[in-house]
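Reader: I have a new model open and would like to learn how to read it. Where do we begin?

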Amino acid sequence: MLDTQDYDGVLGKPVRSAAGEDMGRIIDIIVDKDGRPRAAIIDFGGFLGVGSRKIAVDWRALHFSADNKPGRAVLQLNRNQVRVSPEYKPGDPIVVLGPAGPVPAPATAAAPPASAVPAPAPAPAAPGSAAPDADQATARNPPDK
């Protein structure tokens with residue numbers, strides 16, 4: 001059971017840029033074959049549905065309010081970036097618009113740094129072969145700093 005304070009729907013939610021520009025409304029969500037959201041389809045531009053275009057934006061570039069103000073979705077792109085992007089058309093290949101650099105992680109769900117990811121275990125030595133001693137292994141693979 002979910003408490004009404006613990007969830008919020010996203011379809012129809014208004015979207016703003018980080019600078020406060022009106023970017024449109026979320027009208028659909030594109031998920032991958034595993035059910036993970038990959039893109040949001042935003043009805044961008046126009047007035048009362050006339051002259052608007054559907055744009056696919058990277059799900060990771062879209063952040064939802066953590067300040068307990070319902071109805072806030074912020075896109076980490078500006079209006080000009082979205083304006084020049086190709087239009088989303090169902091059945092056509094999807095061009096997903098995302099920021100030029102790395103997507104900033106939301107404050108509540110930061111990804112672990114790359115150095116925190118464990119290195120794969122070395123493969124076992126083949127039968128009959130001598131395993132390298134520790135000094136040789138360290139010389140070839142110096143420890144991370």
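**Reading the core and the sheet**

Author: This is a predicted model. Begin with one residue and its neighbours. Leaving out residues up to four places away in sequence, Leu75 touches Val15, Arg16, Ser17, Ala18, Met23, Ile42, Val57, Ala61, Leu62 and Val82.

Reader: How many residues are in the largest nonpolar core, and which have the most contacts inside it?

Author: The largest nonpolar core has 15 residues. Val15, Val57, Leu62, Leu75 and Val82 have the most contacts inside it. With three residues, β3 gives the most.

Reader: Let me try β1. In which sense does β1 pair with β2, and over how many bridges?

Author: The sense is antiparallel, over three bridges. Check the partners one at a time. Val15 has Gly24 of β2 as its bridge partner. Arg16 has Asp22, also in β2.

Reader: How many residues lie between β1 and β2 in their hairpin?

Author: Four residues lie between the two strands. Look at Gly20 in the turn: its phi is positive, about 90°.

Reader: How do β1 and β6 run, parallel or antiparallel?

Author: β1 and β6 run parallel, joined by three bridges. Follow Ser17 across to β6, and its bridge partner is Leu75. Leu75 is also one of the residues with the most contacts inside the largest core.

Reader: Which residues of β1 are on the covered face, and which on the uncovered one?

Author: Take β1 (residues 14-17) residue by residue. Val15 and Ser17 form the covered face. Pro14 and Arg16 form the uncovered one.

Reader: Next, the loops. Where does Ser52 lie?

Author: Ser52 lies in the loop between β3 and β4. Its side chain makes a polar contact with the side chain of Asp43, at 2.9 Å. Now compare sequence and space. Ser52 and Gly24 are 28 residues apart along the chain, and their C-alpha atoms are separated by 8.9 Å.

Reader: Why does Ser52 count as partly exposed?

Author: Ser52 counts as partly exposed because its relative accessibility is 21%. Buried would mean under 20%.

Reader: What about Arg36: which loop holds it?

Author: Arg36 lies in the loop between β2 and β3. Arg36 is partly exposed, with a relative accessible area of 48%. The cut-off for exposed is over 50%.

Reader: What does Arg36 touch?

Author: Not counting residues up to four places away in sequence, Arg36 touches Ile30 and Val31. Finally, Arg36 and Trp59 are 23 residues apart in sequence, and 9.7 Å apart from C-alpha to C-alpha.

Notes:
Residues are numbered from 1 along each chain as its sequence is written. This is a predicted model: local features need pLDDT of at least 70, side-chain atom pairs count only at pLDDT 80 or more; totals for chains, interfaces and linings use all residues. Side-chain values use heavy atoms; hydrogens and water are left out. A nonpolar core is a set of buried Ala, Val, Leu, Ile, Met, Phe, Trp, Tyr and Cys residues joined through side-chain atoms within 4.5 Å. Buried means under 20% relative accessible area, exposed over 50%, partly exposed in between (1.4 Å probe, protein chains only). Contact means heavy atoms within 4.5 Å. Two strands pair if DSSP finds at least two bridges between them. A polar contact is a pair of N or O atoms within 3.5 Å; within protein, one must be able to donate a hydrogen and the other to accept it, and residues adjacent in sequence count only if both atoms are side-chain atoms.
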